[in-house]
Amino acid sequence: MDSDFGIPRQLSDLQKQRTLYQPELPPCLQGTAVRVEFGDATTTADFSGANMISRLFPSTYGQPLAHFLRPKVVVPDAQIITELHAIRVGLVFCGRQSPGGHNVVWGLHDALKMHNTSSVLLGFIGGTEGLFAQKTLEITDEVLSTYKNQGGYDMLGRTKDQIRTTEQVNAALASCMALKLDGLVIIGGVTSNTDAAQLAETFADAKCTTKVVGVPVTLNGDLRNQFVETSVGFDTICKVNSQLISNVCTDALSAEKVILGEEVAASKLTLFDITKQICDAIQARAEQDKFHGVVLLPEGLIESIPEIYALLQEINSLYKQGVSVDKISSQLSPWASALFEFLPSFIKRELLLNPESDDSAQLSQIETEKLLAQLVETEMNKRMKEGTYKGKKFNAICHFFGYQARGSLPSKFDCDYAYVRKIVKPGCSQEVLKAALSAMASVTDVLSVISAPSFGGHTY
C-alpha cells in the first residue's frame with residue numbers, strides 16, 4: 001500500500017543501534033563550501049565505440065569530469081562555491097533493491113539542507129511508476145529516522161525498473177517539469193543508469209532544465225568502469241553470501257550432502273560437459289571417502305552455456321515477432337526444438353517466461369541448480385549401475401541465494417559509500433552542471449581510509 005511508504009517502522013534493538021551510526025565523510029565533502037575542478041572530457045571505456053556513442057548522444061557525450069577538491073588543495077582553475085540557492089530534487093529507486101540505497105537518500109537530504117535549508121527533496125513513491133504518476137513524498141528528518149543504515153527500499157518502494165518507451169520518457173519529462181525539479185536522481189544498476197543517460201539526452205533536446213544524476217547502486221557489481229570502481233551494495237552482498245555459503249559448507253560436511261548453490265564462475269562448456277565435470281568430481285571425492293560437497297553456480301551460468309544461450313535467443317526472437325507462449329515451442333528450429341524437448345518440464349516453463357525489460361532472460365527464475373542436480377543424479381545412477389561408481393547414492397539439496405542478501409543491513413563500507421555520494425547532487429544541480437547536462441556520481445580510491453577517497457561527478 002502506498003500509505004505504508006515513508007512511515008516510521010518498528011525496529012529491533014540492533015536496527016535502533018545502527019540508526020545512531022553517522023557515516024564518515026572524506027575531507028573534500030566536509031563543510032559548506034564546494035570546491036570543484038573540471039577535468040578532461042569523458043569518453044567511452046572502449047574507444048572503438050566512441051563514434052557510435054557520440055552520434056547516439058550528441059548533446060550529452062563528452063562532458064567534463066568534475067572533481068571535488070579537499071580544502072587545502074591548491075588548483076588555479078578551481079571553482080569555489082559558498083552560496084547555493086534553494087533547489088528542488090526528485091529521487092527514484094529504479095532497479096533491484098540493494099543494501100545502501102536508503103543511505104543515498106539520507107546523504108542527499110543532509111547535503112541539500114546543509115547548503116540551503118529551503119531546498120526540497122521529493123521521493124517518488126513506488127519507483128518509476130510513481131515518477132510517471134507524480135506520486136511523491138517529501139523526505140524529512142522524521143521520514144529518515146528509522147531508515148538510516150537499514151537495508152531494503154521500503155522507504156519509497158520500487159516497481160518496474162525501466163524508463164525507456166516513448167510514453168515512459170514523456171511521462172518522466174512531464175513530471176519533472178510539473179514539479180519544477182532542478183534535479184532528478186536515479187538510483188539503480190546498469191539498466192537504470194543506461195535509461196538515465198538516455199533520459200538526460202531527451203531532456204537536453206526538450207530544453208528541460210532538470211539535471212539527471214545516476215547513482216550506481218546494484219548488488220551485481222557489474223557497473224564498473226574507469227569512473228566507477230564499485231557499486232553501492234556489492235560489499236554487503238559479498239559478505240552476506242560468503243556467510244551463507246560457509247553455513248552451507250558446514251552443513252554439507254556435517255551430514256555428508258552434495259549441495260548445489262549459487263556463486264560466481266565462468267564457463268563456456270556445454271551442458272553435458274558441465275554435468276560430466278561435476279560427476280567426475282563427486283566420483284573422485286567418493287574414492288577418498290568424501291561423500292559430501294558444495295557446488296557453487298553463478299546465476300548467469302545457464303546463459304553462458306552455448307546451446308542454451310542460442311535457444312534463449314530463438315525464444316526471444318519469437319517473442320519479439322509476437323508469437324504466443326503456447327506456440328513458441330512449435331516454431332523453434334529443429335536443433336532448438338530437440339534441445340527444448342530434452343529439458344525437464346520445469347526448465348521449459350522457466351525459459352518461456354517473459355524477458356526482462358532489457359530483453360534478457362529472467363535468470364533468477366531459471367532453476368539452473370535443479371537442472372544440473374537432475375542431470376548429475378541421472379549420470380551418477382548410470383555409473384553406479386555400470387559399476388564405475390561405487391560410492392553412496394547421489395542426493396542433492398538445492399539452494400538459491402538470489403534474494404537473501406538484497407534486504408540485508410548494509411556493511412559499514414556501504415553505509416559510508418552510499419552516504420558520501422550526496423554532494424554531487426546539490427553541487428551539480430547548480431553551478432557545477434551549468435555547462436554540463438547530467439552526471440553520474442563517482443568515488444575513487446574506495447579501498448583507502450575514509451580521509452583518502454576522491455569524489456567527483458562523471459558528467460555526460
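## Packing of helices α11 and α13

Helix α11 (residues 306-320) packs against helix α13 (residues 334-342) at an angle of about 110 degrees, and their axes lie 10 Å apart. Axes here are lines fitted to C-alpha atoms, for helices over the stretch in contact, and angles run from 0 to 180 degrees between N-to-C directions. Helices (H or I, at least four residues) and strands (E, at least two) are DSSP runs numbered from the N terminus. The two helices α11 and α13 are therefore roughly perpendicular to each other; angles of 65 to 115 degrees count as such, those under 35 as roughly parallel, those over 145 as roughly antiparallel and the rest as oblique.

The crossing of α11 past α13 is left-handed, a term used if the near helix is turned anticlockwise from the far one by less than a right angle, with right-handed used if clockwise. On the α11 side, Glu307, Ile308, Ala310, Leu311 and Glu314 meet Trp335, Ala336, Leu339 and Phe340 of α13; contact means heavy atoms within 4.5 Å. The residues of this contact comprise seven nonpolar, no polar and two charged. In this division Ala, Val, Leu, Ile, Met, Phe, Trp, Tyr, Cys and Pro count as nonpolar, Asp, Glu, Lys and Arg as charged, and the others, Gly among them, as polar.

## Basis of the model

The structure is a predicted model, in which local features need pLDDT of at least 70 and side-chain atom pairs count only at pLDDT 80 or more, while totals for chains, interfaces and linings use all residues. Residues are numbered from 1 along each chain as its sequence is written, and side-chain values use heavy atoms, with hydrogens and water left out.

## Surroundings of α11

Helix α11 has 15 residues and spans 21 Å from its first C-alpha to its last, close to the 21 Å expected at 1.5 Å a residue; the expected span is 1.5 Å times one less than the number of residues. Gly322 follows α11 and has a positive phi, near 85 degrees.

Within α11, the buried residues are Glu307, Ile308, Leu311, Leu312, Ile315, Asn316, Leu318 and Tyr319. Buried means under 20% relative accessible area, exposed over 50%, and partly exposed in between (1.4 Å probe, protein chains only). Their cover includes α9 (271-286), α10 (301-304), α12 (325-328), α13 and α14 (345-351).

## Packing of helices α6 and α7

Helix α6 (residues 166-178) and helix α7 (residues 190-205) pack at about 60 degrees, with axes 11 Å apart. Their crossing is right-handed. Val169, Ala172, Leu173 and Cys176 of α6 make the contact with Leu199, Thr202 and Phe203 of α7. The residues of the contact of α6 with α7 divide into six nonpolar, one polar and no charged.

Helix α16 (residues 412-419) is mostly covered, with six of its eight residues buried: Asp414, Cys415, Asp416, Tyr417, Ala418 and Tyr419. Thr368 belongs to helix α15 (residues 368-386) and counts as buried because its relative accessibility is 3%. Leaving aside residues up to four places away in sequence, Thr368 touches Leu301 and Ile302.

His67 lies in strand β2 (residues 64-68) and, at 31% relative accessibility, counts as partly exposed. The C-alpha atoms of His67 and Gly39 are 7.1 Å apart, although 28 residues separate the two along the chain.

## The chain as a whole

The protein chain contains 17 helices and 13 strands. Of its 460 residues, 51% count as buried. Among contacts between residues at least 6 apart in sequence, 78% join residues at least 24 apart.
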